Amino acid sequence: PQAAPPAVAAPQAPSAAYTPPAAPSRPAPWEDMPPAADGGAAVLEAPVRVAPPVAAPQQVAPAPQARQQAVEDDVPSWVTEFSDDSAVAAPASSHPYAPSPSAAQAGQPEDPHAIAMPARAAPAPAKAPYAYVVTPVPELNWDGNWPAVAAALPLRGTAQQLAMQAEMVSCTFEGNAAVFTLRVPIETWRTPGNLEKLTTVLTERFGRTVRVDSELGAVWYTGSAEAQAYRDACQRAAEDIVANDPFVNSMIRELDAWVVPGTVVPPQFSAAAAG
């Protein structure tokens, strides 16, 4: 006969039914509050939490040894106690890879976008190194005053600048031609076109064959300089007239008036007309 399987115990029912938690002894906060004044439901606001004060961090001065150590750490590694404090920075041109000035100037014309500036003579000193001497030229029936002639020539543009800004070095003769040697401060004024125009008007002025030679250099006694000196003299004369006028001085004394600087302008007379 076969053995009977072991009996399996039946599941036991819970000894007691689930009991919900007991209701709180006090009513909920929103139930215990009085009704709102407008008849609506009361609103419970959460209490405001105040963060505790945070203590400010206190700065503690570093110890002398620590400060000295920090300074020593900032010093570059290549600086030693034998470094020279009086050393100065070398100029930029001393860099081994820096181009030399001559090489940079030599390479400038090769650049297609480079701007070719006109060559200028060395700046003239404040005082001319020699006095202005007018030498008459009997062959041309001329007193030799080049600034006066240059101011009266019928020229315009750069040709006029050539005549007004040039200084006559000499006036000699080669055969039947009078040779005017002029010193010009700017290279671009010495163009063949300007020299040709100046030669033409000088030939008409003196009624004789004229040739103009030019050289580059600093100038002092020019038509432009003479015209500026004349304008300055007229300005000083006008200011002296106003300063010594009795009516102007009486207004200054009685009305506490003054002459506005820059308002005194002399009459516009040309140097040629004055001569």
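Predicted model: local features only at pLDDT ≥ 70, side-chain atom pairs only at ≥ 80, totals over all residues.
How many salt bridges does a search of the whole structure find? I ran the search and got 4. My criterion was a side-chain nitrogen of Lys or Arg within 4 Å of a carboxyl oxygen of Asp or Glu.

**Ground rules.** I number residues from 1 along each chain as its sequence is written, and side-chain values use heavy atoms, with hydrogens and water left out.

**Entry: Arg 211.** I looked up the partners of Arg 211. Its side chain meets that of Glu 174 in a salt bridge at 2.9 Å, N to O. Arg 211 lies in strand S3 (residues 210–216) and Glu 174 in strand S1 (residues 167–174), so the pair ties together parts 37 residues apart in sequence. I take helices (H or I, at least four residues) and strands (E, at least two) as DSSP runs, numbered from the N terminus.

Arg 211 also forms a salt bridge with Asp 213, at 3.3 Å, N to O. I therefore note a network of salt bridges that links Glu 174, Arg 211 and Asp 213.

I then checked accessibility. Buried means under 20% relative accessible area, exposed over 50%, and partly exposed in between (1.4 Å probe, protein chains only). Arg 211 is partly exposed at 34%. Glu 174 is partly exposed at 45%. Asp 213 is partly exposed at 29%.

**Entry: Glu 215 and Arg 183.** I found these side chains in a salt bridge at 3.1 Å, N to O. The pair links distant parts of the chain: Glu 215 sits in strand S3 and Arg 183 in strand S2 (residues 177–184), 32 residues apart. Is Arg 183 buried or exposed? Arg 183 is buried, at 18% relative accessible area. Glu 215 is partly exposed, at 31%.

**Entry: nonpolar core.** I define a core as buried Ala, Val, Leu, Ile, Met, Phe, Trp, Tyr and Cys residues joined through side-chain atoms within 4.5 Å. The largest has 28 residues. Among those with the most contacts inside it are Trp 142, Trp 146, Phe 180 and Leu 198. Elements giving two or more residues include helix H4 (146–152), helix H5 (157–165) and helix H6 (192–206). H6 supplies the largest share, 5 residues.

**Entry: Leu 198.** Which residues is Leu 198 in contact with, leaving aside its neighbours within four places in sequence? I list Trp 146, Leu 153, Leu 155, Leu 162, Ala 163, Leu 182 and Val 212. Contact here means heavy atoms within 4.5 Å.
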